[in-house]
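Please open the structure in a viewer and keep the selection tool at hand.

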Amino acid sequence: MENFIQQIINGLSLGSIYALIALGYTMVYGIIKLINFAHGEIYMVGAFVGYATINTFQLGLIPSLIISMVFCALLGALIERIAYKPLRKATRVAALITAIGISFLLQNVMIYLVGPQVRAFPQVIIKKVYSFGSIQINQTQITIFLTTISLMLALQYIVKQTKMGKAMRAVSTDADAARLMGINVDNVISFTFILGSSLAGAAGVLVGMYYNSIDPLMGVAPGLKAFIAAVLGGIGLIPGALIGGFAIGIIETLISGYGSSLIKDAVVYLILIIILIVKPTGLLGKNTKEKV
């Protein structure tokens, strides 16, 4: 039983990172019905920005986290303005192909700038372990979980309590009606990209702390898993991204703990296939009828 609890704790730490990345997917999809496959690479850039601020400028975790979030927010806004805004009225396939192209572009730009090698992420958290019997929780896990919860609460406040959050919900429901009510839809979409990208930047720093290593291709697998988490919970729904992220993280750690870590990725992708067959709208999603 204690081993099971230990795996759950490990899963919550990993799942909280997936949830942060999944929030970016789900917010963008909820607003403009676009799956931004470049989101994983934005999170990768965030990890390298955190690495640079900690390793080069000797900054602490909080300043590095803020700088990474700001940099990725600006990067997300730039990508939206240059790559996605001109395709606002294009087909979804065109936008999807563009997103994949941006993903490969960011990967190769980072390989050109910093090289393809894996780097050890500098440790900014004291390696302290708290033991409760045979159950252990280290300081890094606690920091990751508390940081994730704080960012999620801040996001919930922005979406539910602020004027821009209300505009985001209005555009998500009906963009044309929101435009008629005087809402600047383009600004709302840009703000959504900024918000989602900043969360991805924070996730990049947290992943560097969790795995102690970063590389230019690190955004591929976690990006796909975060997308699966968003689909599992109900893409377009913020609570769905949270539930899906935690669920994927716990499933991965349980498979690694009781089975083999070699098959954990295959099981996650199998979950995606099952969800798409059984309940395509996700756990929290509702079936909606469309007029054709």
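This is a predicted model: local features need pLDDT of at least 70, side-chain atom pairs count only at pLDDT 80 or more; totals for chains, interfaces and linings use all residues.

Begin with the second largest pocket, which holds about 220 Å³ of space. Select Y43, V207, Y211, M218 and P222, the closest to its centre among the 14 residues of its lining. A pocket here is an open set of points on a 1 Å grid over the protein atoms alone, where a 1.4 Å probe fits, with protein on both sides within 12 Å along at least five of seven lines; lining residues have an atom within 4 Å of a point. Its volume is the space filled by probe spheres set on the points, which are joined across faces, edges and corners.

Next, colour α8, β4 (213–214), α9 (220–233) and α11 (264–278), each of which supplies at least two residues of the lining of this second largest pocket. Helices (H or I, at least four residues) and strands (E, at least two) are DSSP runs, numbered from the N terminus. The largest share of this lining, three residues, comes from α9. By class, the lining of the second largest pocket has eight nonpolar residues, one polar and five charged; Ala, Val, Leu, Ile, Met, Phe, Trp, Tyr, Cys and Pro count as nonpolar, Asp, Glu, Lys and Arg as charged, and the others, Gly among them, as polar.

Residues are numbered from 1 along each chain as its sequence is written, and side-chain values use heavy atoms, with hydrogens and water left out. The average pLDDT (the predictor's confidence in each residue, from 0 to 100) is 87 for the chain, and 98% of the residues score at least 70. Confidence is lowest in strand β2 (residues 129–132), with a mean of 82, and highest in helix α3 (residues 61–84), at 93.

Now move to the largest pocket, with about 1700 Å³ of space. Of its 47 lining residues, select Y29, G30, I31, K33 and S172, which lie nearest its centre. Helix α1 gives the most to this lining, with six residues. The lining of the largest pocket comprises 23 nonpolar, eleven polar and 13 charged residues.

Buried means under 20% relative accessible area, exposed over 50%, and partly exposed in between (1.4 Å probe, protein chains only). Beyond its neighbours within four places in sequence, S68 is in contact (heavy atoms within 4.5 Å) with G46, V49, G50, G201 and V205.

Finish with the salt bridges, of which there are five. A salt bridge is a side-chain nitrogen of Lys or Arg within 4 Å of a carboxyl oxygen of Asp or Glu. K225 is buried, at 5% relative accessible area, and E252 is buried at 1%, whereas D265 is partly exposed at 29%.
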